[in-house]
Amino acid sequence: MKAAVIHAPGKVTCDNVDDPGIQDDRDVILKVTATAICGSDLHIYSGGVPQPRPMVLGHEFMGIVEETGKAITNLKKGDRVVVPFPIACGHCFFCDHGYPSNCEHSNPRYGPEGGIFEEKGGALFGYTDLYGGYDGGQAQYVRVPYADFGPRLVPDNLTDEQVLFLTDIFPTGYSGVDWGEVKGGETVAIFGSGPVGIMAAKAAWLRGAARVLIVDTIQYRLDMAKKAANAETILWEEDGKNAIEAIRAATKGRGADVCIEAVGFEPDRTFLDRAKAVINLEKGSPKVLEACMSAVRRNGIVPVLGVYPVTYDNFPVGQFFDKGLTLRGGQAPAHRHIDTLLQYVREGKVILDDIITHRLPLTKVADGYSMFKKKEDNCVKVVLDPWA
Ligand code: NAD
Ligand code: ZN
Ligand code: ZN
């Protein structure tokens, strides 16, 4: 089959690889009909999340059930499903408590120098050996473990593009406002107007926010946030002080109730760069996190959606303590929200596919990664067709 394979930082190619097969009774094999490139994939592409061997990428995908393992009774060949991006068993301590992205029953995790995370648990499709080493869904077929827990049936009257972002970025954006305890009437500020930030803005309105402000360093990304999520936009200039001041000015000097971080690890810095920066006590990429902590009000909440694949980094601990902030974050518990969010899509309460700017055949995946990373051609979200 055809699949997007990462070989080295900056090198993703469409290769011919072996078809996946059933390995466990709870597996299904899915014929992928649509898949997307995520900002999280860029961390692998840039080398920020290292991957030592070639691997099939992709954790945002949907498709048609091709084959089912012996224990699968909820799905049959021909069913059309969308799949949440964390690989979760559904029955361990963390799955039982609503934290599928911390599931204990995934593959072991391997990192550079024996692993940067000490704790076992937490695996994703196509997200390096650090997250379980599972092949991903930027491919014609993918093996879906624990298929009696993850995949959700999709109604026939909705197109692939209408529901594809239920895999990750919409539940992730929604997790931001859920972690932010948005109940109605709040001012929500979002740093990062990429697909995740824009989905967080859509989710903030759904949860009754009074104002939604969004910050980015790139104007066309802000234009998309205005168009697709009706957010008030702020262009980050130089060190970002203007953005912090604008958010304070919008909130009687107090700061936003919730500041969502939707940027993450500086995409151009590798793991090694970061290690050197820490050793040399340089100030690192938490500048966005620091800005969130400045722009949020005292006792406010900072949900961190951006991925930080590093052990230690400079961190404004004094700000955290003095303001009495709540910090939350992690890979989003997509399973927890996906059914509610699918219902919103069915009822027409939210539209997700209006952020798609590029549709490419999987064979052009290299162009898709390059364009999305360099933010060329006003690219916001790339959807790949494995069969075109
Ligand atoms: P993206 O790269 O398209 O978007 C990031 C945006 O941040 C870009 O528009 C960029 O211009 C902007 N940015 C860069 N520096 C900034 C600054 N100083 N201030 C404000 N904005 C700035 O990626 P995306 O797909 O939107 O993903 C965003 C982050 O969310 C990534 O780190 C990704 O790994 C992470 N993510 C996390 C989860 C999760 O479960 N927690 C899920 C999906 C994605
Ligand atoms: Zn993703
Ligand atoms: Zn589990």
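**Helix packing, domain contact and a ligand shell**

Me: Which residues in helix 4 meet helix 11, and which residues do they meet there?

Reply: Phe170, Pro171, Tyr174 and Ser175 in helix 4 meet Ala334, His337, Ile338 and Leu341 in helix 11. Two residues are in contact if their C-beta atoms, placed from the backbone, lie within 7 Å; helices (H or I, at least four residues) and strands (E, at least two) are DSSP runs numbered from the N terminus. This is a predicted model, in which local features need pLDDT of at least 70 and side-chain atom pairs count only at pLDDT 80 or more, while totals for chains, interfaces and linings use all residues. Residues are numbered from 1 along each chain as its sequence is written, and chains are lettered from A and ligands numbered from 1 in the order in which they are written.

Me: At what angle do the axes of helix 4 and helix 11 cross?

Reply: Axes are lines fitted to C-alpha atoms, for helices over the stretch in contact, and angles run from 0 to 180 degrees between N-to-C directions. For helix 4 and helix 11 the axes cross at roughly 105 degrees and come within 9 Å. Helix 4 is therefore roughly perpendicular to helix 11, given that angles under 35 degrees count as roughly parallel, over 145 as roughly antiparallel, 65 to 115 as roughly perpendicular and the rest as oblique.

Me: How is the packing of helix 5 and helix 6 to be read, starting from the angle at which their axes cross?

Reply: The axes of helix 5 and helix 6 (residues 219–229) cross at roughly 30 degrees and come within 10 Å, so these helices are roughly parallel to each other. Helix 5 passes helix 6 in a right-handed crossing: a crossing is left-handed if the near helix is turned anticlockwise from the far one by less than a right angle, and right-handed if clockwise. On helix 5, Gly197, Ile198, Ala201 and Lys202 meet Met224, Ala225, Ala228 and Ala229 of helix 6. Six nonpolar, one polar and one charged residues make up this contact.

Me: Where do the axes of helix 7 and helix 9 stand in angle?

Reply: Helix 7 (residues 241–249) and helix 9 (residues 287–295) have axes that cross at roughly 25 degrees and come within 9 Å; helix 7 is therefore roughly parallel to helix 9. Their crossing is right-handed. Ala243, Ile244, Ile247 and Arg248 in helix 7 meet Ala291, Ser294 and Ala295 in helix 9, a contact with five nonpolar, one polar and one charged residues.

Me: Into which domains is the protein divided?

Reply: The protein is divided into domain 1 (2–168 + 332–385) and domain 2 (169–329), with bounds from an automatic or database domain assignment. In domain 1, 32 residues are in contact with 28 residues of domain 2. Helix 1 (39–45) and helix 11 (334–346) are the elements that give two or more residues to the side of domain 1 that touches domain 2, and helix 11 gives the most, with five residues. That side has 18 nonpolar, eight polar and six charged residues.

Me: Which residues around ligand 1 come nearest?

Reply: A residue is near a molecule if its C-beta atom, placed from the backbone, lies within 6 Å of it. Of the 31 residues around ligand 1, Gly39, Ser40, Gly194, Gly264 and Ala332 come nearest. Helix 1, helix 4 (169–179), helix 5 (195–206) and strand 10 (211–216) each give two or more residues to the shell, the largest share, four residues, coming from helix 1. The shell around ligand 1 has 15 nonpolar, 13 polar and three charged residues, and at least three residues come from each of domain 1 and domain 2.

Note on methods
Nonpolar A, V, L, I, M, F, W, Y, C, P; charged D, E, K, R; others polar.
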